Amino acid sequence: MTIYLDHAATTTIRPVAMEALEDAYVRFDRNASGQHVEARRAKNALEEARERAASLLGTERPHDIVFTGSGTEADNLAVIGVSLAQDRRAIAISAVEHKAVLNAALSLTRFGYTLDTIPVSRSGVVAVDRVVSTPGPQPALISVMLANNEIGVIQPVREIAEAARLAFPGVVVHTDAVQAFSCDETTLEATGADLVTLSSHKFGGPKGVGLLAVGSGVLIEPIIHGGGQEAGRRAGTYNVAGIVAMVAAMEAAAEDRAGFSARTRAERDAFESAIVAGFPGATVTARGVDRLPHISHIRFPGVLAENLLIRLDQAGIAAAAGSACQSGAAEPSHVLDALGFTEEEAGECLRFSFGWDTNQGEGWRAATAVLATLAGL
Ligand code: PLP
């Protein structure tokens, strides 16, 4: 039986979300933008889901929620959509952002925007001081993720947002909270950001749906044009069932935060302790800083992570190396590069990520299997 330790890539769909998905797919199968009773029924379900999502994200204004087709799209809408709506043509992002933010920002540089990439410490943390002492022009947008998907490091987004607003009046702050939602409050207020990205399949909802929470007064230029859905901010026929199911998963995940954190931390810590004790030189990345409880990033000196990953797969352990690209192959990680890892060191690292349905004892069992696999290499 496989021990699935790749929840940061996609976690198991929660039963309430699966039920909501099936139910909504049958009941609200029509185009929610239509002008008949079946369309109105679908639209009502959509707007009810929007109200519930808004309340989970701490806003009384359902209009603040823009539903998207993924976390990637929400990140693109934040970075590109907000930049296009501003006069200032400069943005800043941290060096450890997900590629959805990084490549969206890089695409803007091809249209004359200035990009400041904010470095991180050896542990992967953004220094607040560095954010406000940008060498370039004043940014219109700053994007710093709440927590990193490869190494789990949590960023001081609130302090960054406060300092940035003092230094650069009018700046818009975006945070990608995709990996943090299962264990942390990610409301606009708690994060201090003007824009928050979420992705459904990271907290137990279906894939292909996400959202961007947009604080009041933030201007956004649409990046997908068409029928004017989402108050003109994101066109495209509504995925009503996906949205309803995502919101059901959001509610379940928000309710389960304390339990999720306690369960995954216990399994993750047991896993890491056993690995560090059992494999000479194994090091846990960013162990000393604030990290998500469910992500473990480990370097095995002298071991080619690609090989280990294949052997682990054969042994029934699903883990991840680098960040999976479209072909399924691992690419060198820009995150580890930003932390100062050499290419060789980065090639010795694997990510193990735990989830809401990780069972008690799985961390220890997985560590035993990983150590046995390492011994057989
Ligand atoms: N942001 C982070 C931090 C992620 O981990 C991911 C998924 O890997 C994304 C954005 C993209 O989300 P989606 O898979 O919904 O496009």
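Which residues does Met250 touch, not counting residues up to four places away in sequence? I looked it up. Met250 touches Ala53, Leu56, Leu57, Phe181, Leu198, Phe203 and Leu211. Contact here means heavy atoms within 4.5 Å.

**Ground rules.** I am working with a predicted model, where local features need pLDDT of at least 70, side-chain atom pairs count only at pLDDT 80 or more, and totals for chains, interfaces and linings use all residues. Residues are numbered from 1 along each chain as its sequence is written, and side-chain values use heavy atoms, with hydrogens and water left out.

**The core.** I then looked at the largest nonpolar core, which has 71 residues. Phe67, Leu198, Leu211 and Met250 have the most contacts inside it. Such a core is a set of buried Ala, Val, Leu, Ile, Met, Phe, Trp, Tyr and Cys residues joined through side-chain atoms within 4.5 Å. Buried means under 20% relative accessible area, exposed over 50%, partly exposed in between (1.4 Å probe, protein chains only). Elements that give two or more residues to this core include α1 (15-27), α2 (37-56), β7 (195-199) and α8 (240-255). Helix α8 gives the most, with 11 residues. Helices (H or I, at least four residues) and strands (E, at least two) are DSSP runs, numbered from the N terminus. Apart from this core lies another, of 23 residues, among them Leu312, Leu350, Phe352 and Val370.

**The ligand.** A polar side-chain atom of Asp176 lies 2.6 Å from a ligand nitrogen. An N or O atom in the side chain of Lys202 is 2.7 Å from a ligand oxygen.

**Ser107.** I found Ser107 in helix α4 (residues 99-109). Its side chain reaches the backbone oxygen of Ala104 at 2.7 Å. Ser107 is buried, at 15% relative accessible area.

Most residues other than glycine have a negative phi. Glu230, not a glycine, has a positive phi of about 55 degrees. Glu230 sits in the loop between β8 and α8. Is Glu230 buried or exposed? Glu230 is buried, with a relative accessible area of 3%. Ala286 also has a positive phi, near 60 degrees. I placed Ala286 in the loop between β9 (283-284) and β10 (295-299).

Technical notes
A polar contact is a pair of N or O atoms within 3.5 Å; within protein, one must be able to donate a hydrogen and the other to accept it, and residues adjacent in sequence count only if both atoms are side-chain atoms.
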